Every structure is written in C-alpha cells, then in structure tokens.
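Trainee: Please take a close look at the aromatic pairing in this protein. I would like the setting described along with the part itself.

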Amino acid sequence: MAVNLYDSAYELEKVIRNSSEYTELKNLYDAVNSDESAKRMFESFRNIQLQLQEKQMTGQEITQEEVEQAQKTVALVQQHELISKLMEAEQRMSMVIAELNQIIMKPLEELYGNPNQQQ
C-alpha cells in the first residue's frame, strides 16, 4: 500500500507545531511582540536582515556602512534578554528543520548519491 506523502507531510507539520522547540519559539515570539520596545527593536533587526539578504540575492553590493549598522543592531538585540532568547530558540528550531531535511532527503541521496561526498 502506497503512502500518501502529503498526508505524512501534514502529520509532520502537526508534530512540529506540538514540539517543545516550536512551543518555546512561539511563546518567546509572542512575548517579544507584547513588549512594545522589544517588538520595535526586533522589527528593526529583521528589516535590516531582510534588506541585506535581498541585496545579496540580487547581486547588489553591501556597503561598509550597512555592515556596520547591521553589526550595531545585532549587538543591541543580543543585549535584550527577551530578543536574545528568541534568537536562540530560532536557532534551535532552524537546527531541527535542517535535521528533518537531511532525513527527508535520505532516499534521494541513496538513489542518486550525495554530491557533497567524495566517491
């Protein structure tokens, strides 16, 4: 009997939503958004991050001034306890997603080989 991949994917989504990593991330995200100064600081940080990513993706040069502004903003948000905890939770969730991606890609890697491995 064939497995419906979409049903399995939606089941995985439910598992992720109920995971401790996601719950912690959501709680911290909600806490940051309920604190007006933390929310503004985090939004500023995210906007700078998105602008720099967009420039990179379109091949535009990032100026030294933009790099310095981003570094100052990162230093500032890392000093804010709530935002710092949120960023740590984001990192943990990102690691979980990366590990899940490795697991999901295993059948294709076995079929075609992993291009990152030397033969």
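**The aromatic pair and its setting**

Mentor: From the N terminus on, the elements run α-α-α-α-α. The protein has 5 helices and 0 strands, where helices (H or I, at least four residues) and strands (E, at least two) are DSSP runs numbered from the N terminus. This is a predicted model, in which local features need pLDDT of at least 70, side-chain atom pairs count only at pLDDT 80 or more, and totals for chains, interfaces and linings use all residues. Residues are numbered from 1 along each chain as its sequence is written, and side-chain values use heavy atoms, with hydrogens and water left out.

Now the pair. Rings of Phe, Tyr and Trp (its six-membered ring) pair if their centres lie within 6.5 Å; planes under 30 degrees apart count as stacked, over 60 as edge-to-face and the rest as tilted. That rule gives 1 aromatic pair. The ring centres of F42 and F45 are 6.3 Å apart and the planes stand at 40°, so the pair is tilted. Helix α3 (residues 36-57) holds both F42 and F45, which sit 3 residues apart, about one turn of the helix.

As for the setting, 18% of the 119 residues of the protein count as buried. The C-alpha trace spans about 55 × 35 × 20 Å along its principal axes.

Technical notes:
Buried < 20%, exposed > 50% of the residue type's maximum accessible area, 1.4 Å probe, protein only.
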